[in-house]
Amino acid sequence: MADPMKIRASAKEGITEVKVLMSHEMETGQRKDSSGNLVPAHFITEVSAEHNGKQVLAAQFGTAISKNPYLAFKFKGGAKGDKLAVSWVDSKGDKRTDEVLIG
Amino acid sequence: MNVQRREALKAGGGLGLFGLLAAAGLITPEQARAEWNKSAFDAKTIEETLKGLGAGKPESSTEIQLTAPDIAENGAVVPVGVVSTLAGVEAIAILVEKNPNPLAASFTLPPGTEAFVQTRVKMGQTSDVYALVKVGGKFLMTKKEIKVTLGGCGG
Amino acid sequence: MRTGLHAVLAAVVLGIGGSALAQGSTMDEITKYREMLADGNPAELLEMKGEELWKKPRGPKNVSLEQCDMGLGPGKLDGAYAQLPRYFADTKKVMDAESRLVHCMVTQQGFSEAEATRNWFSKPGRNSDIESLITYIGGKSNGAKIDVPARHPEEARMAKVGEYIFYRRSGPQDFSCAICHGQEGKRIRLQDLGNLTTRAGAGTAMGNWPSYRVSQGTVWTMQRRLIDCMRQARWPEPNYLADSIIALEVFLQKTASGTVMQTPGIKR
Amino acid sequence: MKKPLFAASLALASFGAHAAGNDISAQAEEIFRSSFRSDNPKYWMTRLDQDDAMRLCSQYKDNPPPKVRVQIEKAQRATIRYPVDGKLIGDWKEGEKLAAVGTGGHIGFIQPDPPGRLRGGNCYACHQLAAKEVAYGTIGPSLQHFGKLRGNSDEIIKYAYDKIYNSNTFNACTNMPRFGLHNWLTPEQITHIVAFLVDPESPVNKD
């Protein structure tokens with residue numbers, strides 16, 4: 001099972017800033033292992049963030065996003081204590097959702 | 001995490017993340033985006049990528065800012081941000097011209113989300129990096145060169 | 001300057017300052033690069049995982065590591081890393097954070113030493129519990145002062161051994177640690193090289209580890225860092241937890257004592 | 001390249017007995033030596049052996065007293081070998097490539113070099129050379145415009161060759177490796193790097 005994300009969400013002057021770290025190998029499909037064989041691509045393809053159940057960001061990733069992806073964005077609204085959830089799904093169908101309260 | 005959602009995610013199978021979220025009642029079907037844009041992500045040139053994104057030939061704009069260092073200490077992790085002063089930005093994409101597949105990421109911004117994203121990309125070599133922005137159905141862009149440098153000890 | 005010709009050449013060399021200006025902006029951009037990475041250090045993912053591993057009952061004895069004594073008493077982690085390596089009376093050995101952690105995994109959780117150290121570093125597709133645990137343990141000393149006075153005779157001896165190894169040159173590149181880390185204000189390519197013979201230099205180096213290495217996509221522990229320095233010197237690799245590595249750590253931590261830890265770090 | 005890189009230095013004539021250091025050095029050497037796997041291939045372990053220059057430099061923390069310094073420099077000068085055809089200046093384009101390559105020579109189990117890995121001089125790790133390469137180190141002096149400033153007389157060419165072949169000839173215990181002595185670079189490869197430094201057409205002197 002995928003490891004948890006680290007999410008920070010903080011509201012200030014009507015804007016919520018969200019910073020997310022996801023734990024993922026982000027294999028490009030172009031790396032060779034020690035015996036010279038190509039390691040198949042395995043990477044997060046889609047990310048979605050919802051504030052109190054309403055989507056505030058949808059992202060699609062390619063293999064060029066770095067290992068252990070980082071993502072930051074901002075949206076209007078959001079108050080301390082609101083729920084902020086981030087979900088991802090990868091090219092093998094693995095998925096993960098984590099939720100924090102906006103601080 | 002909400003139990004219902006966990007179950008929905010487990011049962012998801014081939015629906016795609018946003019299809020799933022829609023099925024779970026978390027987002028409306030209108031919000032459920034298209035499947036992963038294979039043709040754009042598999043494209044090998046900037047032109048093909050723009051075509052895959054339906055962006056045609058975007059004009060360059062000074063109202064888009066690509067925040068990134070001119071020089072990256074390592075190509076495996078290059079911080080890149082896109083900010084725009086334009087109102088009503090609907091989507092943002094980041095492209096690295098000399099990567100095997102230029103498209104690194106695309107973002108859909110629902111109303112209320114600021115024209116601001118930051119992430120980190122891999123760069124195989126020194127290259128132009130493009131920030132593409134969709135606003136009012138129209139595509140605009142800016143680009144800058146980021147130099148990728150080698151480390152000293154010899155790998 | 002031993003020969004006339006050399007003296008002339010050296011004088012000419014000193015006169016060159018041609019691209020100092022351009023180089024200034026190069027280093028500004030590298031600083032910008034490092035600053036952009038500092039917010040959102042992926043080491044935090046390992047820290048979270050390490051905390052879970054620390055608290056979870058594991059191993060043949062199914063106990064957690066919460067009673068592990070890292071030098072400040074059972075379970076006392078705050079500031080412990082900053083005071084390692086140190087002499088432990090129960091093992092009669094000078095141990096660093098990693099050897100002490102493995103000791104706890106063996107004596108308290110019942111792992112064999114081979115099991116405990118099998119994945120002492122990660123590779124793509126192979127996680128390392130030790131990496132996560134050390135990131136967590138190191139993080140518990142964030143903001144703490146490094147304090148390794150090496151007063152115990154065994155610690156003092158190890159500091160001397162470490163100093164010897166620091167200056168020891170061999171291999172097809174004539175390297176020693178001191179070659180790159182014995183002078184002030186130098187770089188290799190664009191990477192700043194700390195002068196590890198000074199308190200400030202050793203402090204900057206020691207206080208940032210464990211550190212996320214963007215070129216490697218994971219956190220490196222101090223053992224991994226030093227073993228890899230030896231690999232880069234084109235020497236064979238010392239064994240994990242070898243006394244020579246612990247001795248180097250004592251020497252460096254002693255020099256760095258008094259500086260404040262900022263960990264986990266993030267580096268190239 | 002299976003030949004021990006170290007053959008040349010092991011063959012060096014010995015001068016002076018094992019450094020008579022303080023108490024700790026024998027013990028420290030023992031601790032250091034016992035840190036390695038006993039099943040390491042023999043030629044890996046030869047990389048831990050020290051010739052007289054290494055031993056003396058280690059003992060004096062790279063700052064030997066004048067007498068020892070002279071002794072080292074004299075012995076090192078005697079090690080320099082030249083290409084059979086006697087030509088000390090090669091192809092600067094080859095030299096440019098060699099100056100940039102920092103890989104090669106890694107052994108061990110964790111991250112050895114893949115087969116066929118290039119081995120170069122890694123000059124940019126420590127020196128500024130061509131203006132276009134911004135990622136240069138500062139452990140050694142800047143060598144930008146080396147030829148432009150010094151010309152390309154036979155004397156300069158020989159100095160550059162000798163310095164790369166055995167840096168300790170001019171400066172005992174310098175940080176710079178002894179590239180020729182260790183067979184890290186062949187005499188021919190050294191002539192290419194010499195050309196990169198002195199050829200008026202080389203980017204070291206052009207820009």
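Modeller: What follows takes the chain first, then the sheet, and then some single residues.

This is a predicted model, in which local features need pLDDT of at least 70 and side-chain atom pairs count only at pLDDT 80 or more, while totals for chains, interfaces and linings use all residues; side-chain values use heavy atoms, with hydrogens and water left out. Residues are numbered from 1 along each chain as its sequence is written, and chains are lettered from A and ligands numbered from 1 in the order in which they are written.

Chain A has seven strands and zero helices, where helices (H or I, at least four residues) and strands (E, at least two) are DSSP runs numbered from the N terminus. Its pattern along the sequence is accordingly written β-β-β-β-β-β-β. Taken along the principal axes, the C-alpha atoms of chain A fill a box of roughly 55 × 20 × 20 Å. Of its 103 residues, 54% count as buried, a word that stands for under 20% relative accessible area, with exposed meaning over 50% and partly exposed what lies in between (1.4 Å probe, protein chains only). Among the contacts in chain A with a separation of 6 or more, 57% come from residues 24 or more positions apart, a contact being heavy atoms within 4.5 Å.

Chain A exposes about 4,200 Å², of which carbon and sulfur atoms supply 51%; accessible areas come from the Shrake-Rupley method with a 1.4 Å probe, and for residues only the protein chains shown count as cover. The mean positions of its 15 positive and 13 negative charges are 5 Å apart.

Turning to the sheet, six strands form an open, antiparallel arrangement in the order β1(A)-β2(A)-β5(A)-β7(B)-β4(B)-β2(B), where two strands pair if DSSP finds at least two bridges between them. At its edges stand β1 (6-12) of chain A and β2 (64-67) of chain B, each with a single partner strand, so that one side of each is left without a neighbour in the sheet. Neighbouring strands of this sheet are turned against each other by 10° on average, direction ignored; axes are lines fitted to C-alpha atoms, for helices over the stretch in contact, and angles run from 0 to 180 degrees between N-to-C directions. On the chain B side, β2(B) is joined by four bridges to the antiparallel strand β4 (residues 78-84) of chain B, and L66(B) has V82(B) in β4(B) as its bridge partner.

Some local features lie in chain C. The peptide bond from L84(C) to P85(C) is cis, with omega near 0°, and P85(C) sits in the loop between α3 (43-55) and β1 (86-88) of chain C. K92(C), in the loop between β1 and β2 (93-95) of chain C, has a positive phi of about 55° although it is not a glycine, and K92(C) counts as exposed because its relative accessibility is 62%. D174(C), in the loop between α7 (153-166) and α8 (177-181) of chain C, is likewise not a glycine and has a positive phi of about 60°, but D174(C) is buried, with a relative accessible area of 2%.

Methods: Lys and Arg count as positive and Asp and Glu as negative; His and the chain ends are not counted. The place of a charge is taken as NZ of Lys, CZ of Arg, CG of Asp or CD of Glu.
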